[in-house]
Amino acid sequence: QEIIMKKIALLISCCCFTIGVYSQNYYNFEKSKSTYEDLSGAISINNGQPWLLDEFGPFSTPFPISTFGITFSDFGFNGDSFVFFNNDDLTTYSSYNPYTTLFLDRNFSQVGTSLSPISYKVDGTIGNRTLKLEIKNAGLISDFAAPNTATSVYYVNFQIWFYEVDNSFEYHFGPSNITSLS
């Protein structure tokens, strides 16, 4: 009976240890308020092309981007979100979109120039760089489905910043006229 109790205690200890290891929290959530500024001198990802669930990239990351314990060397834009991946293994990737809705270029006709530029910029010096990704003036897919609509009524602006120094990332929210994603 004592041996069975020891085995049960050992089993419970191992389960608790395993749960503790696998439930490691990679990030802490913090909220702060700062002034949103459009990126200046950024590199265009869509090169003025209107986009509707289009893919752009790959682009090499300026430094290894590690998110949720996986390191990526490339990034792109896939449909309506930024995606990190490794070109030699496209089965593992990490997608970033701060909203639960689909975005698209506000130029619904898809003719002419984009009204919703997608871009990136690298700031800082080696060891302390920041990769900044930006979507400006993006529309919502729900507006695209509305009859007799040439451009999206709704718009959002946001950036995602990845920091080399500590592998953290931030979402920055700019002007928007969305009051509810429903």
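Me: Which residue meets Lys121 in a salt bridge?

Reply: A salt bridge is a side-chain nitrogen of Lys or Arg within 4 Å of a carboxyl oxygen of Asp or Glu. In this predicted model, the side chain of Lys121 meets that of Asp123, with 3.8 Å from N to O. The model is predicted, so local features need pLDDT of at least 70 and side-chain atom pairs count only at pLDDT 80 or more, whereas totals for chains, interfaces and linings use all residues. Residues are numbered from 1 along each chain as its sequence is written, and side-chain values use heavy atoms, with hydrogens and water left out.

Me: With which residue does Asp123 form a salt bridge at 2.7 Å?

Reply: The partner is Lys132, and 2.7 Å separates the closest N and O atoms. To read the surroundings, one uses relative accessible area: buried means under 20%, exposed over 50%, and partly exposed in between (1.4 Å probe, protein chains only). Asp123 is partly exposed at 25%, while Lys132 is buried at 11%.

Me: Which parts does the salt bridge between Arg129 and Glu164 tie together?

Reply: The closest N and O atoms of Arg129 and Glu164 are 2.8 Å apart. Arg129 belongs to the loop between β7 and β8 and Glu164 to the loop between β9 and β10, so the pair ties together parts that are 35 residues apart in sequence. Both Arg129 and Glu164 are buried.

Me: How many helices and strands does the protein have?

Reply: Helices (H or I, at least four residues) and strands (E, at least two) are DSSP runs, numbered from the N terminus. Here there are 2 helices and 10 strands. Along the sequence, their order is α-β-β-β-β-β-β-β-β-α-β-β.

Me: Which strands pair with β8, and in what sense?

Reply: Two strands pair if DSSP finds at least two bridges between them. β7 is antiparallel to β8, with 6 bridges joining them; within this pairing, Tyr120 has Leu133 as its bridge partner. β9 also pairs with β8 in the antiparallel sense, over 7 bridges, and Ala138 stands opposite Val156 of β9. Strand β6 (residues 103-104) is joined to β8 by 2 bridges, again antiparallel, with Phe103 opposite Leu140.

Me: How many residues lie between β7 and β8 in their hairpin?

Reply: There are 6 residues between the two strands, and Gly124 in the turn has a positive phi of about 100°.

Me: How many residues of β8 are buried?

Reply: In a regular strand the side chains alternate between the two faces of the sheet. In β8, 9 of the 11 residues are buried, so the strand is mostly covered by the cut-off already stated.

Me: Which residues have the most contacts inside the largest nonpolar core?

Reply: A nonpolar core is a set of buried Ala, Val, Leu, Ile, Met, Phe, Trp, Tyr and Cys residues joined through side-chain atoms within 4.5 Å. The largest one has 26 residues, and Ile45, Phe82, Phe84 and Leu131 have the most contacts inside it. Elements that give two or more residues include β2 (55-67), β4 (81-86) and β9 (156-163). The largest share, 5 residues, comes from β8.

Me: Which residues does Phe84 contact, leaving aside neighbours within four places in sequence?

Reply: Contact means heavy atoms within 4.5 Å. Among the partners of Phe84 beyond those neighbours are Ile65, Phe72, Tyr93, Leu131, Leu133 and Phe162.
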